[in-house]
Amino acid sequence: MARSSFVYVIYISATSERVWRALLDGEFTRRYWGHDNVSDWQPGSTWEHRRADNTHAVRLVGEVIESNPPHRLVITWAEPKDKVHRSRHSRVAFEIEPVGDMVRLTVTHDELEAGSEMEQNIKNGWPRVLSSMKSLLETGRPLETWAS
Amino acid sequence: MDADRVFKALADASRRRLIDILNAHDGQTLSDLCVHHDMTRQAVTQHLNILEAAGLVVTVWRGREKLHFLNPVPLQEIYDRWIRKFERSRLKAIHDLKRRLEGTHDG
């Protein structure tokens, strides 16, 4: 099966600690992403991406591979039905580096199945999610159309 | 995002073509990208440098290969800043129509 990779970079005027929290803390993620990211974020633990409405529907699952706050987080990423099928998980690495008074957040999403619906969803999704996160951290307001 | 750099990077047909090529197939080497162009390797390198300086291309080393990835985030930021607000009235009209058709008034 062909695998594809994508790399996204965004500069955010915030501290590394705030960006780290914005990735992991459901209180933050529900505001700019419309979902709660839920885990204890210890290597080996699972994480879930749950819709931030009354259904709390689990949309994504995965495992925490590496966690070095507030610099580097590596997780696997899959549809809930593939939770136990580890070979079907893709992989996301978040790297946070200070650059002057900003931070550079690099999201590398690889081991995606080429041509899959998940690949298309993440291609459409990451730029919007990251742009919305930046907006929330810098202005206090997420992008208004995101949560719909 | 440096908007001037992004707009200048986009103001060239060869660079827009490189963006399209990377969008269709991400993570290519310089040699891969030269196949698509009737340009010298040096010219493609210069275009890639301009795209990279604008944040539209990110390079990653995998072993001995330098791979070029499209970073669409600055385009999203331009969309959010320059395009979305002009769509608002149209989106509101669609939203109002939807509410009327569904017969609800609580949003």
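Let me start with one residue: leaving out residues up to four places away in sequence, T46(A) touches S39(A), V61(A), G62(A) and E63(A). Contact here requires C-beta atoms, placed from the backbone, to lie within 7 Å.

A word on the source. This is a predicted model, in which local features need pLDDT of at least 70 and side-chain atom pairs count only at pLDDT 80 or more, while totals for chains, interfaces and linings use all residues. Residues are numbered from 1 along each chain as its sequence is written, and chains are lettered from A and ligands numbered from 1 in the order in which they are written.

Back to T46(A), which is found in strand β3 (residues 46-51) of chain A.

Now the whole chain. Chain A has three helices and seven strands, and from the N terminus on they run β-α-α-β-β-β-β-β-β-α. Helices (H or I, at least four residues) and strands (E, at least two) are DSSP runs, numbered from the N terminus. A compact globule of 148 residues would have a radius of gyration near 15 Å, and chain A, with 15 Å, agrees. That radius is taken over C-alpha atoms, and the globule rule is 2.2 Å times the number of residues to the power 0.38. Of the 148 residues in chain A, 34% are buried.

Next, the sheet. The seven strands of chain A form an open sheet with antiparallel pairing, in the order β1-β7-β6-β5-β4-β3-β2. Pairing means that DSSP finds at least two bridges between two strands. β1 (3-12) and β2 (35-38) of chain A are at the edges with a single partner strand each, so one side of each has no neighbour in the sheet.

Some pairs in detail. β1(A) and β7(A) are antiparallel over nine bridges, and R3(A) has E113(A) as its bridge partner in β7(A). β6(A) and β7(A) also pair in the antiparallel sense, over nine bridges. These two strands form a hairpin with two residues between them, where G100(A) in the turn has a positive phi of about 60°. R91(A) has D110(A) as its bridge partner in β7(A), and T76(A) stands opposite R91(A) in β6(A).

What lines the inside? The largest nonpolar core has 48 residues, of which Y8(A), V19(A), L105(A) and L130(A) touch the most other members. Helix α3 (residues 117-139) of chain A gives the largest share of this core, seven residues. Such a core is a set of buried Ala, Val, Leu, Ile, Met, Phe, Trp, Tyr and Cys residues joined through C-beta atoms within 7 Å.

Which residues does Y8(A) contact, leaving aside its neighbours within four places in sequence? They are V107(A), W126(A), P127(A), L130(A), N71(B) and V73(B).

The contact between the chains takes 13 residues from chain A and 13 residues from chain B. On the side of chain B that touches chain A, β1 (57-62) and α5 (73-102) of chain B each supply at least two residues. α5(B) gives the most, with four residues.

Terms used
Contact = placed C-beta atoms within 7 Å. Buried ≥ 20, exposed ≤ 12 C-beta atoms within 10 Å, placed from the backbone.
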